[in-house]
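Me: I am new to this structure and would like to learn how to read its features. Please take them in turn.

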Amino acid sequence: VFQIMLGVLRAGIIGYYFPSSVIKGMLSAIGLILIFKQIPHFLGVDKDTFGDLAFWQADNENTFSEIYYALTHPEFGAIIIGVISLGILILWERPALKRLKFFQFVPGALIAVVLGTAINIFFESGVPALFLSGEHLVKLPSDIDSVMADINMPDFSILLDREKSANVLLVGFTIALVA
């Protein structure tokens with residue numbers, strides 16, 4: 001709603017007051033943070049589902065100590081799958097391949113996931129030392145009740161509490177303004 005209101009008011013012109021170098025720097029910093037947080041997962045060491053979001057994590061580690069630990073204790077099966085998947089994602093976007101209809105229609109991420117799964121299945125039967133076990137794999141719900149238990153509806157009653165609703169509106173407005 002805030003973004004629609006700002007659009008109607010033609011508030012996008014405010015963006016011209018921020019130098020593009022500031023925007024590029026902010027986006028680069030966000031990208032680096034995301035890359036640093038994913039390195040332990042790429043090396044197959046960090047078993048947290050999504051990793052810890054803060055620099056100082058609950059396990060008394062930080063982003064850089066996690067990377068150091070991952071570099072000293074790599075899982076070679078994860079590295080093989082990660083390198084192949086990353087290669088697919090990079091090559092899939094090459095202009096020469098984008099000229100072909102197949103590469104326009106099928107997303108590279110889908111191919112990377114399917115091929116990574118197939119490689120891990122091969123590792124299970126052919127090279128057990130490289131097989132990635134349960135803690136590294138995505139766990140999908142097995143029945144509809146599990147799926148429904150994970151779906152939460154928004155709690156609109158919070159809007160009746162003046163202090164909490166002010167916080168929600170402030171956060172919503174901030175996100176809309178940054179976007």
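**Reading the features**

Reply: Ser165 is located in helix 9. Helices here are DSSP runs of H or I with at least four residues, numbered from the N terminus. The model is predicted, so local features need pLDDT of at least 70 and side-chain atom pairs count only at pLDDT 80 or more, while totals for chains, interfaces and linings use all residues. Residues are numbered from 1 along each chain as its sequence is written, and side-chain values use heavy atoms, with hydrogens and water left out.

Me: Is Ser165 buried or exposed?

Reply: Buried means under 20% relative accessible area, exposed over 50%, and partly exposed in between, with a 1.4 Å probe and protein chains only. Ser165 counts as buried because its relative accessibility is 11%.

Me: Which residues does Ser165 touch?

Reply: A contact means heavy atoms within 4.5 Å. Not counting residues up to four places away in sequence, Ser165 touches Ile158 and Leu159.

Me: Which residues make up the largest nonpolar core?

Reply: In soluble globular proteins, nonpolar side chains tend to be buried together. A nonpolar core is a set of buried Ala, Val, Leu, Ile, Met, Phe, Trp, Tyr and Cys residues joined through side-chain atoms within 4.5 Å. The largest one here has six residues: Ala78, Ile81, Ile119, Phe123, Leu130 and Leu132. Helix 4 (76-92) and helix 7 (108-126) are the elements that give two or more residues to this core. Apart from it lies another core, of five residues, including Trp92, Phe103, Val106 and Ala112.

Me: What is Leu130 in contact with?

Reply: Leaving aside neighbours within four places in sequence, Leu130 is in contact with Phe76, Gly77, Ile80, Asn120 and Phe123.

Me: How many salt bridges does a search of the whole structure find?

Reply: A salt bridge is a side-chain nitrogen of Lys or Arg within 4 Å of a carboxyl oxygen of Asp or Glu. The search of the whole structure finds one. A salt bridge joins the side chains of Lys98 and Glu93, at 3.8 Å from N to O. Lys98 is partly exposed because its relative accessibility is 26%.

Me: Where is Leu97, and what does Leu97 touch?

Reply: Leu97 lies in helix 5 (residues 95-98). Beyond residues up to four places away in sequence, Leu97 touches Leu91, Trp92 and Phe103. With a relative accessible area of 26%, Leu97 is partly exposed.

Me: Where is Gln104, and which residues does Gln104 touch?

Reply: Gln104 is in helix 6 (residues 101-105). Residues up to four places away in sequence aside, Gln104 touches Lys98 and Arg99. From C-alpha to C-alpha, Gln104 and Trp92 are 9.0 Å apart in space, and they are 12 residues apart in sequence. Gln104 counts as partly exposed, at 44% relative accessibility.

Me: What phi does Arg10 have?

Reply: Most residues other than glycine have a negative phi. Arg10 has a positive phi of about 60 degrees although it is not a glycine. Arg10 sits in the loop between helix 1 and helix 2. Because its relative accessibility is 68%, Arg10 counts as exposed.
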